[in-house]
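The sequence and the structure are shown first.

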Amino acid sequence: MPGLLLFLVSLDFFSAGSAAQTPLQVFAVAGEAVVLPCSLWNRALFDDSPTVEWTRADLKPKAALVYRDNSEVFEMKHQHFEFRTSLFHSEVKDGNVSLRISDVQLSDAGMFHCLKIPMEDARDRIENSTVELVVALNPNIAVISFGDEKMVVECEARCWQTKPQMKILDDQGRTLIGEEMQTEDPGGCSTIKQRVTLQCSAQSRRIFCRVEFPQFNQSRATQILIPGKVFRLSPNKKKLLTF
Ligand SMILES: *[C@@H]1O[C@H](CO)[C@@H](O)[C@H](O)[C@H]1NC(C)=O
Ligand SMILES: *[C@@H]1O[C@H](CO)[C@@H](O)[C@H](O)[C@H]1NC(C)=O
Ligand SMILES: *[C@@H]1O[C@H](CO)[C@@H](O)[C@H](O)[C@H]1NC(C)=O
């Protein structure tokens, strides 16, 4: 695949050439772990224990991680990232100073700068790369109302930073057509909801909600088991029983 190779080479050239390029974007889902890539560009400027600062300018203190003399400088780290960030210690000497963030949170999203600070005699040649972390939440699916014959199932993707495509599917993988709504709360959080109306049935069944993030080639799904029978417990009280 010569075409692909060429593309990768030119991409590399641009990212090393200047900081004005659009930063690399990395996608993560809250609760999972993610790696923000960063490498030393000019290995010769660094000894075997390079000094690295992973920062986010909007934080105070701004460090998500500071690494010096082969270990982390914990005092400089923002509390928000306590116990959640690390480098791949054994790879640092080979120039891999990628940041691992575990248990990603929505508030982790933003522009991270990876500052690589060379040895004394090359201090003016700091390498600075930028990675943007984009965070999404797993979708939620729930039965929001039901009657004797019909029920309404709703899937919700809250606070997205990159707009997902949402699909509600039955257990055969068929798309169930529903209505989609988009809301924005005062905090600036954009949420997508989709509702489908289903016939109640005697059989239990699974309904899936899948959100796709095409620009990152990522998708996540969640499911709900809808019990097969709805019992009328009293004249005006209905309850779903799962068994
Ligand atoms: C690193 O680069 C970003 C933008 O590309 C800039 O905002 C930041 O100030 C730079 N940091 C240093 C220490 O050069
Ligand atoms: C750095 O090391 C980690 C762990 O082995 C790996 O997943 C990642 O791809 C490496 N990154 C680079 C830029 O080499
Ligand atoms: C997208 O992801 C799928 C599954 O992880 C993978 O098989 C496929 O090669 C990826 N496509 C691209 C363009 O990265």
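## Disulfide criterion and count

A disulfide is here a pair of cysteine sulfur atoms within 2.5 Å. Under that rule the count is 3 disulfides. The model is a predicted one, and the distances and angles below are computed from it.

With the bonded cysteines of the protein chain numbered in sequence order, the pairing reads 1-2, 3-6, 4-5.

## The link of C38 and C114

The sulfur atoms of C38 and C114 lie 2.1 Å apart, and the two residues form a disulfide. This link is left-handed, with -85 degrees about the S-S bond. Distant parts of the chain are linked by the pair: C38 is in the loop between β2 (34–36) and β3 (51–55), whereas C114 is in strand β8 (residues 110–117), 76 residues apart.

Is C38 buried or exposed? The relative accessibility of C38 is 4%, and C38 therefore counts as buried, the cut-off being under 20%. C114 has a relative accessibility of 0% and also counts as buried.

C155 and C209 form a disulfide with their sulfur atoms 2.0 Å apart. The torsion about their S-S bond is about -80 degrees, so this disulfide is left-handed. C155 belongs to strand β11 (residues 150–157) and C209 to strand β16 (residues 205–213), so the pair ties together parts that are 54 residues apart in sequence. Both cysteines, C155 and C209, are buried.

For the disulfide of C159 and C189, the sulfur atoms are 1.5 Å apart. The link of C159 and C189 is right-handed, with 100 degrees about the S-S bond. C159 is in the loop between β11 and β12 (165–170), and C189 is in the loop between β14 (179–184) and β15 (190–199), so the pair ties together parts that are 30 residues apart in sequence. C159 and C189 are buried. C200, by contrast, counts as partly exposed because its relative accessibility is 21%.

## Nonpolar cores

Which residues have the most contacts inside the largest nonpolar core? They are V34, L36, W54, L99, I101, F112 and L133, in a core of 28 residues. Two or more residues of this core come from each of β1 (24–29), β2, β3, β4 (63–68), β7 (99–101), β8 and β9 (127–136). A second, separate core has 23 residues, including M151, A157, L176 and C209.

The surroundings of I101 can be listed in detail. With residues up to four places away in sequence not counted, I101 touches E32, A33, V34, L36, F81, R84, T85, D108, F112 and L133.

## Aromatic and charge–ring contacts

A pair of aromatic rings is described by the distance of the centres and the angle of the planes. The whole structure holds 3 aromatic pairs. For F81 and F112, the ring centres are 6.0 Å apart and the planes stand at 70 degrees, so the pair is edge-to-face, a class that requires over 60 degrees. F81 lies in the loop between β5 (71–72) and β6 (85–87), while F112 lies in strand β8, so the pair ties together parts that are 31 residues apart in sequence. Both F81 and F112 are buried, and both are also among the residues that I101 touches.

Ring pairs also link F27, F213 and F216 into a cluster. In a charge–ring contact, the charged end of K116 sits over the ring of W41, at 4.1 Å from its centre.

## The position of T197

T197 is placed in strand β15. Its relative accessible area is 53%, so T197 is exposed, the cut-off being over 50%. Apart from neighbours within four places in sequence, T197 is in contact with K150, M151 and V152. T197 and I177 are 20 residues apart in sequence, and their C-alpha atoms are 8.8 Å apart in space.

## Model confidence

The average pLDDT of the protein chain is 87, and 85% of the residues score at least 70. Residues 1–19 have a pLDDT below 50, and this stretch has 3 contacts in the model beyond near neighbours in sequence.

Conventions
Residues numbered from 1 in each chain as written. Chains lettered and ligands numbered in written order. Predicted model: local features only at pLDDT ≥ 70, side-chain atom pairs only at ≥ 80, totals over all residues. Heavy atoms only, no water. Helix = DSSP H or I, 4+ residues; strand = E, 2+ residues; numbered from the N terminus. Buried < 20%, exposed > 50% of the residue type's maximum accessible area, 1.4 Å probe, protein only. Core = buried A, V, L, I, M, F, W, Y, C linked by side-chain atoms within 4.5 Å. Contact = heavy atoms within 4.5 Å. Phe/Tyr/Trp six-rings, centres within 6.5 Å; stacked < 30°, edge-to-face > 60°. Lys NZ or Arg CZ within 6 Å of the ring centre and 35° of its normal. pLDDT = per-residue confidence, 0-100.
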